[in-house]
Structures are given as structure tokens and as C-alpha cells.
Amino acid sequence: MRIAAFGNGARSPARPSGGMNRTIRHASVFCLLLVLALLLRATWVQAYQAKALADDEHNRRNTIAQYAQPLGDIIVAGNPVTGSKRTVGSDLAYKRTYTQGELYAAVTGYSSQAYGATQLEGIYSHVLDGTDDRLKNPMAALTRKQAAPGNVLTTIDPAVQKAAYQALGDDKGAAVAIDPKTGRILGMVSTPSYDPSTISGTTDGEAWQQLLDDQDKPMVNRALRQPLAPGSTFKLVVAAAALEDGLYGSVDERTASPNPYTLPGTSTVLRNENPSAPCENATLRTALQYSCNNVFAKAAVDLGQDKVRAMAEKFGFNADKLDVPVRASKSVYPSGMDKPQTALTGIGQFEVTATPLQMAMVPAVLANDGELAAPHMVSAVTDSKGGTLQEFADGDTERVVSQSTAEQLRSAMVTVVEEGTGTNARIAGAEVGGKTGTAQNGVGNSKTPYAWFTSYAKDASSGKEVAVAVVVEDSGAARSEVSGNGLAAPVAQKMMKAALAD
């Protein structure tokens with residue numbers, strides 16, 4: 001066999017041209033870059049975005065995990081007020097149930113498979129469903145096995161809670177009770193209420209819509225989330241400012257308060273609810289007893305808005321973050337006012353607003369010798385075996401007014417209950433002090449006024465104390481029958497009596 005030589009006219013094999021080499025190299029580099037981009041993206045997702053994706057509200061796995069086992073409970077006085085029920089035909093194995101749901105809705109909030117969770121249910125959702133990292137032991141953390149859920153222990157006293165709920169009845173309103181020494185919230189009620197069990201599943205759309213359409217807004221927690229004009233209950237703050245500033249030396253010193261009082265620079269005359277009350281140049285004690293508008297409007301002007309605001313803020317007004325641990329809406333003492341507007345703030349009108357929680361904090365300070373114990377309604381968060389994950393200290397206090405000012409204002413508040421406008425709050429054998437309020441509502445007071453009562457009670461024999469605020473937005477009563485003593489004081493009296501009982 002002869003093999004032809006390339007040199008005898010035979011052609012050598014074709015070699016890639018320089019242009020083709022470049023094309024192949026470019027394509028290879030481009031493919032390599034695509035692979036690197038995919039690797040970088042995968043690394044980014046796994047290393048940096050994993051938590052964000054896991055926490056995304058649209059991630060169905062989160063909801064499945066949340067309801068994969070019976071939820072932990074919210075506890076009142078050692079007993080759960082929540083529970084769990086096995087579902088049928090759903091990938092969400094359990095749904096939330098509530099014991100006396102309407103009674104405790106303002107405390108628990110709701111946990112719904114369709115609409116999320118609010119209040120304590122929302123704040124502690126990861127503890128209650130077992131996904132909180134603090135619940136996992138080292139082995140569970142490695143295996144990613146869901147831990148047994150924890151519980152939330154509240155400070156609520158069931159007797160106080162029940163007394164408030166029953167006393168408010170069909171009225172639209174709210175009530176809060178606080179232990180002045182510890183800051184523990186003993187009762188928190190908002191009416192009308194609702195049963196969170198009715199919206200806890202995935203097929204409760206009709207019940208949900210009915211609650212949204214209800215003009216009385218039962219899902220609004222009026223105790224924390226509905227600031228209203230506090231009316232004459234705010235006079236306690238003005239009185240505290242007058243005593244602390246030295247405008248008046250004591251609650252029994254005569255004031256310089258003409259009656260009727262004309263708002264500065266205007267022809268508007270501010271009159272008193274009781275024309276025959278001895279309000280001209282009245283002492284602070286008498287002015288609180290008869291709720292004299294002229295005295296406190298004049299005092300606010302004499303002090304000036306800055307001093308009144310400073311005192312209001314010591315009590316908690318204008319605080320952006322008041323968490324108990326549910327965040328309360330801001331209670332407001334305004335700024336940038338003229339003198340007539342400042343005068344109106346002295347009687348809790350103009351743009352002054354307060355929640356029932358805030359107005360319970362005022363007598364709590366006075367009952368606690370001038371110190372504010374931070375209000376809270378959770379005492380501890382625990383794991384399934386009762387081990388403490390988080391604890392909330394009682395009695396974390398700040399000085400608001402001097403002990404002397406607190407003592408004097410308590411004495412004047414006792415006069416209000418014993419001899420003045422708050423007689424419906426009396427409790428036999430206990431020291432009770434209070435302040436009524438009737439706040440204007442609507443343009444030109446065109447709507448039904450709000451009825452307020454804020455108070456404290458002490459039992460010397462047991463050492464028990466309580467501070468309370470009640471607002472009745474609407475009771476269905478005629479305008480002429482709306483008063484703090486008539487509508488709100490009886491509710492406060494029942495709550496205080498329950499708190500002082502053995």
C-alpha cells in the first residue's frame with residue numbers, strides 16, 4: 001500500500017481560521033459568565049435572601065407551619081383563654097379557638113388563618129406556633145424540627161375584666177384598670193366586642209365582612225387605639241402642673257379665677273356646667289369637686305401651653321411608643337396654640353386627645369405617690385414546660401410629680417367622690433378618689449358627648465390598690481342624661497370593687 005505524500009499535490013486537513021477561534025472563545029466565555037451568574041444568584045438567595053423569603057407573608061409554608069400543631073396559649077390567672085381545634089380537609093392542621101372570646105378580645109386580639117393575627121396573638125405569634133428560635137434545643141435547630149409552642153402569661157385579673165365587660169354592657173366604650181404600684185394592667189375591655197373564633201378559619205369571609213361593615217367597629221380596641229377628647233378628667237393634669245410650678249401653693253389656696261371666664265382676646269364666655277357652683281376664685285379642691293371650667297382654663301393660660309404640655313408629657317402624652325406590649329395610639333397635647341386655644345386645653349378640649357389607657361395612668365401616678373410604674377399586660381413568655389423566655393418587671397417607675405402634689409390631689413379627688421360630682425364611685429370601707437368628665441363631640445358639640453371617669457381606690461386593710469379609667473362614647477341615653485358620674489363612674493366602681501376584693 002502506498003501512502004500519498006502531502007507534498008505531491010495532496011491537501012493538508014483544514015484548520016480553523018483565526019475568526020472562528022475568536023467566536024468559539026467568546027461563546028465559551030459567555031457561557032462561563034452565565035454559569036457564574038447562576039452560581040452567584042443561587043448563593044445570594046441561599047445566603048442572604050433565605051430569611052426574607054421564609055418570612056414573606058405570601059410564603060404558604062409559613063402558614064402551614066404556623067398551624068401544623070396546636071398553638072400555645074394566652075393565659076389569664078393560670079387558665080388559658082385560647083385553644084386549638086383540629087381542622088378537616090385543609091393543609092392547615094389546626095385553627096385557633098377562644099374561651100369567652102368577646103370578654104378577652106381586647107387582650108388577645110385574633111389569630112386567623114386567612115387574615116393574620118393582631119395584638120398579643122400577633123406580637124407573640126412565633127412563640128405561640130413554636131417557630132421562635134428560643135424554643136429550639138440544639139438538636140431541633142439542626143434538624144429544623146418545629147418546637148413545642150410556648151405560652152403568654154398576662155397580668156389580667158379575670159374578676160376585674162368581667163366586672164368591666166358586664167358593666168359596660170351594650171354601651172360603646174372602653175375601660176382600663178392598672179395596679180399603681182406594679183404597672184400591671186388588671187383589666188382591658190372594649191365594647192362592643194367580637195368573638196375571634198368566628199374569623200379564625202379560612203372560610204370565615206362572611207363573618208369577617210360583617211365585622212368590617214359594622215358601624216360600631218367592634219374590632220377596634222378602644223382602650224388602646226381610640227384617643228378621644230378627655231374633657232374634665234384632664235383637669236387633674238392641669239392641677240398637677242399648677243402645684244408643681246408653684247402657681248398655687250396648695251389645693252386649698254384661693255385662685256384668681258373670674259366666673260364667668262372670658263377667653264383671652266375674645267368675647268367668648270366660658271361657663272360652668274353648674275351655674276350655681278361656687279367657682280369664682282375657687283380653690284383647686286373646690287374646682288375639682290364642682291368641675292369648674294373657669295379655674296382650669298385660667299390656670300392653663302397662666303401657666304402657658306409649654307408648662308402644661310411638659311406636665312402632660314410626664315404623664316405619657318405625646319409618647320410615640322407606648323407599648324404594653326401592644327402599642328397604644330398616641331395621646332396628644334397640642335402645640336402652636338394661641339391663648340384662647342390654650343384655655344380650652346385646660347378643660348380637656350380643643351385638640352387634646354387621650355386613650356383610656358392614658359387616663360388610667362394619671363390616677364395611677366397619683367395613687368403611687370407621684371411615680372409612674374410602666375403599664376404592661378404580659379408578665380412572662382414561657383416555653384412549653386414553663387421555662388421563662390422573657391419576663392416583664394413590675395414597678396419600673398419614673399417620677400412624674402412630687403409626693404406632696406400626689407397627696408394633695410388624692411385628697412381633692414376623694415372630695416370629688418365624697419361630696420362632689422363623682423358620688424357613684426363610692427366603695428364602703430375603701431379610699432376612693434376620682435374625677436368626672438363630659439367631653440364635647442362633633443362640630444359645635446353636635447354629637448352625643450363622651451362620658452369619662454378616672455379614679456383610684458385603696459383598701460388600707462389589704463393594701464390593695466387600683467387605678468381606673470372609663471369612657472362611654474355612646475350609651476343611647478339622651479344628651480341631658482350624659483355625665484361622667486351617671487354613665488362612667490358606676491363602671492369604674494364595679495371594676496375597683498372587684499380589684500380590691502379578696
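Helices (H or I, at least four residues) and strands (E, at least two) are DSSP runs, numbered from the N terminus. The model is predicted, so local features need pLDDT of at least 70 and side-chain atom pairs count only at pLDDT 80 or more, while totals for chains, interfaces and linings use all residues. Residues are numbered from 1 along each chain as its sequence is written, and side-chain values use heavy atoms, with hydrogens and water left out.

**View B. Thr283 in the loop between strand E11 (269–270) and helix H12 (284–290).** Thr283 is buried, with a relative accessible area of 9%. Leaving aside neighbours within four places in sequence, Thr283 is in contact (heavy atoms within 4.5 Å) with Val251, Asp252, Glu253, Arg254 and Thr255.

**View C. The buried residues of helix H8 (residues 158–168).** These are Val160, Gln161, Ala163, Ala164 and Leu168. Seen down the axis of H8, they fall within an arc of 165°, so they line one face of the helix; the arc is that of the directions from the helix axis to the C-beta atoms. They pack against helices H4 (101–108) and H18 (484–500), and against strands E8 (172–178), E9 (185–191) and E20 (465–474).

Note on methods:
Buried means under 20% relative accessible area, exposed over 50%, partly exposed in between (1.4 Å probe, protein chains only).
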